[in-house]
Every structure is written in structure tokens, then in C-alpha cells.
Amino acid sequence: MDWLEQELKNTLARKDPPPDFARRVLRGVARRAPSPVWRHSRWLAAAAAVVVITGGAAAWREHQGFVAKEQVMLAFRIAAVKVNHIQTHIQEAAR
Amino acid sequence: MTVLRTLALVVAAAALLSAQQLKFNLDYLAAKASDSVDLSLNGATLQFAARFLSSKDADESKVKKMIASLDGIYIRTFEFKDAGAWAPADLEGVRQQLRGSEWSRIVGVKSGQEGENAEIYVRSENKKINGVAILVSGPKELTIVNIVGPVDLDSLASLGGHLGIPKVEITKHK
């Protein structure tokens with residue numbers, strides 16, 4: 001066995017972990033895991049986003065419907081005014 | 001792929017043209033007008049609007065019934081501060097379309113004093129009315145209305161007294 005082999009054997013020799021190694025690892029894992037509150041709040045945020053998007057879409061649709069309704073009413077107002085105008089002329093001519 | 005896209009565009013353009021029976025290219029008059037209205041409501045918009053018209057409100061319910069069978073309403077109105085802002089030639093393009101065999105003029109009113117002209121044309125196919133055009137022109141006003149679909153003129157006229165429009169009583173002479 002030459003000196004290099006001896007050096008490697010010493011360096012790579014099996015060593016037992018310190019006695020509190022397992023406890024420290026578990027403590028570290030527990031510290032990094034998300035708390036139940038955070039896990040719930042993420043769900044709440046997602047639910048709130050769904051509610052906001054759905055509500056926004058419904059409000060936008062409502063607004064579009066209101067605009068379309070107003071345009072239809074304006075169209076009929078204009079058409080009816082013109083027809084009435086023509087009727088007035090006919091009535092005047094008939095007198 | 002390009003052929004399909006072109007075909008889709010042609011079909012879409014044909015659908016648009018078939019919806020509107022009259023073409024009004026009068027956008028240039030809007031700059032001269034003191035007040036103008038441009039309404040282009042196709043069938044889909046009318047049916048969408050119908051969902052928001054109340055059946056309990058007398059006016060809205062009447063309009064709701066009328067638009068149920070319509071395919072579109074297209075209106076252009078212009079009001080001008082001064083007389084002579086528009087020329088009869090502006091209306092010639094529309095009149096030319098109304099000279100087609102499918103259109104017939106049912107009412108024509110000319111007011112010499114006010115210089116106003118009002119006409120109603122109906123478009124029929126297979127002896128059924130499927131469109132109405134209303135042209136009203138005066139020295140300071142120009143209105144073109146095209147209602148596409150089976151229009152009941154009596155119902156339209158009966159809106160007088162509704163929608164804030166004073167009712168005109170027509171005296172029938174026997």
C-alpha cells in the first residue's frame with residue numbers, strides 16, 4: 001500500500017453522523033413546509049380571482065347588453081319619428 | 001390554407017352585404033354635420049339586445065316583439081347648421097339602389113314650403129315584405145333608415161305616443 005492509497009482510505013473512511021443529525025434535518029424540513037394558513041390563503045386568492053373574473057365578465061356583458069338595448073331603442077325612436085313625420089305630412093295634405 | 005382564408009373572407013363579406021340591403025357611403029358628410037347618428041345593428045346585435053329589453057315595460061316590450069324577426073337596422077342621420085351643406089347628388093347612390101325591381105315606393109311626400117322630402121320604400125320577395133327604407137331629407141337634415149326583415153309598418157307607426165314620440169292621429173277620409 002503506497003502513501004496515496006493510504007491517504008484516500010483515510011479520507012473516504014466511513015464516519016457516523018452526529019447524534020442530533022436526524023432531528024436537525026426534520027426541523028429544517030418542517031421550517032420550509034408551507035403553513036396550513038398559507039395553503040388556505042392561496043386557495044382563497046384563487047377563488048377570489050375566479051369570482052372577480054366571472055363578476056367582471058358578467059358586468060361587461062351587462063354593460064354591452066345595456067348599450068345594445070339603448071342603440072335599439074334609439075334606432076326605433078328615429079324610425080318612428082320619421083314615420084310619424086311622414087304621417088303628419090300626409091294628414092296635412094289630406095286636409 | 002390561403003384559399004380557405006380567402007373563401008372565409010368572401011363568405012363573411014357576402015353575409016355582411018346580404019344583411020344590409022342598402023349601402024350608405026356618406027361618412028364624409030359627418031364632418032360637415034353639427035349632429036350625426038350612425039347605427040349599424042345586425043341580427044345578432046338585435047337578438048342580444050332583445051335579452052335586455054324588459055317585457056314588463058310597455059315600450060320595450062313592443063320593440064322586443066318587433067325586433068324578434070328582424071335581421072338588422074341601419075340608420076344614418078345628419079343635421080346641419082346651415083342649409084345646402086349636402087347636395088342631392090349625395091343621396092343619388094342610395095336612390096339608385098332603390099330603383100331596383102325589388103324595391104317599391106309606397107309613400108312620397110314633398111313639402112314645398114320647408115323644402116323637405118320624405119319617402120318610404122318597401123322591399124319584397126315572394127310577395128312578402130323583407131325590408132323597409134325611409135329617406136327624409138331637408139335643407140338642414142338627411143336621414144336614411146334601412147330596416148332589414150319582415151317589418152310591420154303599422155307597428156312601427158303605432159310607436160307614436162310611445163318612446164317619447166307624440167302620437168299623430170291620422171284622419172281617415174271616406
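Tutor: To begin with a term, a salt bridge is a side-chain nitrogen of Lys or Arg within 4 Å of a carboxyl oxygen of Asp or Glu. This is a predicted model, in which local features need pLDDT of at least 70, side-chain atom pairs count only at pLDDT 80 or more, and totals for chains, interfaces and linings use all residues. Residues are numbered from 1 along each chain as its sequence is written, chains are lettered from A and ligands numbered from 1 in the order in which they are written, and side-chain values use heavy atoms, without hydrogens and water.

Student: What does B:R123 meet in a salt bridge?
Tutor: B:R123 pairs with B:E102, at 3.7 Å from N to O. B:R123 lies in strand 4 (residues 116–125) of chain B and B:E102 in the loop between helix 5 (88–98) and strand 3 (103–111), so the pair ties together parts 21 residues apart in sequence. Helices (H or I, at least four residues) and strands (E, at least two) are DSSP runs, numbered from the N terminus.

Student: Is B:R123 buried or exposed?
Tutor: B:R123 counts as buried, at 17% relative accessibility. Buried means under 20% relative accessible area, exposed over 50%, and partly exposed in between (1.4 Å probe, protein chains only).

Student: And how many salt bridges are there over all chains?
Tutor: The structure holds 10. One of them links A:K69 and B:E60, at 3.2 Å from N to O. A:K69 is in helix 3 of chain A and B:E60 in helix 4 (residues 58–67) of chain B, so this pair joins two chains.
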